[in-house]
Amino acid sequence: MATLQSRPGSGLTNDAGYTLSRMATVIAGVAFLALFLVWGILYGWLTTTFPGDENVMPGLLSAVFWLIIFGLVVAAARWTKTVFVGWTTRDILFVAVVGAAFGPLFAQWTNVYKAAGSFLGPWNDLVGGFWWIPAILIPYIVRKPGAALVGETLAAVISVIGGSPYGIIGTAVAGLVEGMGAEVIFMLFGWKRFNWLTLTLAGIASALTGFIYLWPIYYPGYDIALVLTTAAAYVIGVLIFAVVGGKLLGDALLATGVLDRFQIGRDRRAQSPSEDF
């Protein structure tokens, strides 16, 4: 049986330290998701304290709240053996370009969403999965810590500037929270696995965090059946548009060679042809 070796001054074996740090990350991630249970109360307090048509102050305060919570999750991950690879200028430019491209598309997609409501009824949010594409597509290509969070948030913020009718709380902060949901999953896999399973889990987490965040804003009067239907529509829509659509789009771009200098291209060159990409 192999013996365990200790790191100097760590007081823990490598295996034991890795297990403990992994547990810390999982606990932090679960705590992050659990805080959505109190989000409805916080949102109610914000809108009561800052009444009016403008949601700038509630939006800023809620953004700060979720950023602090996510910071705690990242701090736990920092303690793990996960490798935090630095972003390159190419990565930053790519995220900026994709975010700038999806921002106006997000704003215009509102018209599609409203039109679909006339025939989809309670399943209208199936088409809402389009708004989650950057949360999956960008990290699938860049494969760096923070890619899902930054990409989705940037697209959502630009969408507000581009005229999204849902404002800061319903768009910008929603994008921030949705990006966090996907980021937690990628973090738990060490930002190293981007197969169908990981992307699916990230999509589901992002859809659920987005739904729970938007619940007290748009769906407070829904009965349990309608809540479950809407949540299912969120998940299915994200799986169709963001997970399947995002991966296929990324693979199509990869086949052209334009992504060869990104992490997705390096990973393709490093793996055997028989592995699932």
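**Notebook: a predicted helical model**

I began with Ala147, which I found in helix α6. Helices here are DSSP runs of H or I with at least four residues, strands are runs of E with at least two, and both are numbered from the N terminus. Ala147 is buried, at a relative accessible area of 0%. I took buried to mean under 20% relative accessible area, exposed over 50%, and partly exposed in between, with a 1.4 Å probe and protein chains only. From C-alpha to C-alpha, Ala147 lies 9.0 Å from Asp91, although 56 residues separate the two in sequence.

I noted the basis of the entries: this is a predicted model, in which local features need pLDDT of at least 70, side-chain atom pairs count only at pLDDT 80 or more, and totals for chains, interfaces and linings use all residues. Residues are numbered from 1 along each chain as its sequence is written, and side-chain values use heavy atoms, with hydrogens and water left out.

**Overall fold**

I looked up the secondary structure and found 10 helices and 0 strands. Of the 277 residues in the protein, 46% are buried.

**The core**

Which residues touch the most other members of the largest nonpolar core? They are Phe94, Phe102, Phe186 and Tyr213, in a core of 54 residues. The elements that give two or more residues to this core are α4 (89–120), α5 (133–142), α6 (147–161), α7 (167–188), α8 (196–218) and α9 (224–256). Helix α7 gives the most, with 9 residues. For the term, I recorded that a nonpolar core is a set of buried Ala, Val, Leu, Ile, Met, Phe, Trp, Tyr and Cys residues joined through side-chain atoms within 4.5 Å. In soluble globular proteins, nonpolar side chains tend to be buried together.

**Salt bridges**

I counted 4 salt bridges, each being a side-chain nitrogen of Lys or Arg within 4 Å of a carboxyl oxygen of Asp or Glu.

Lys144 forms a salt bridge with Asp91, and the closest N and O atoms are 2.6 Å apart. Lys144 is in the loop between α5 and α6 and Asp91 is in helix α4, so the pair ties together parts that are 53 residues apart in sequence. Lys144 is buried at 3% relative accessibility, and Asp91 is buried at 2%.

Arg143 meets Asp267 in a salt bridge, 2.7 Å from N to O. This pair links distant parts of the chain, with Arg143 in the loop between α5 and α6 and Asp267 in helix α10 (residues 263–270), 124 residues apart. Is Asp267 buried or partly exposed? Asp267 is partly exposed, at 22% relative accessible area, whereas Arg143 is buried at 8%.

Asp251 and Lys247 also meet in a salt bridge, 2.9 Å from N to O. Both lie in helix α9, 4 residues apart, about one turn of the helix. Asp251 is partly exposed at 23% relative accessibility, while Lys247 is buried at 3%.

**Backbone angles**

Arg143 has a phi near 60°, a positive value in a residue other than glycine. Trp191 is not a glycine either, and its phi is positive at about 55°. I located Trp191 in the loop between α7 and α8, where this residue counts as buried at 10% relative accessibility.
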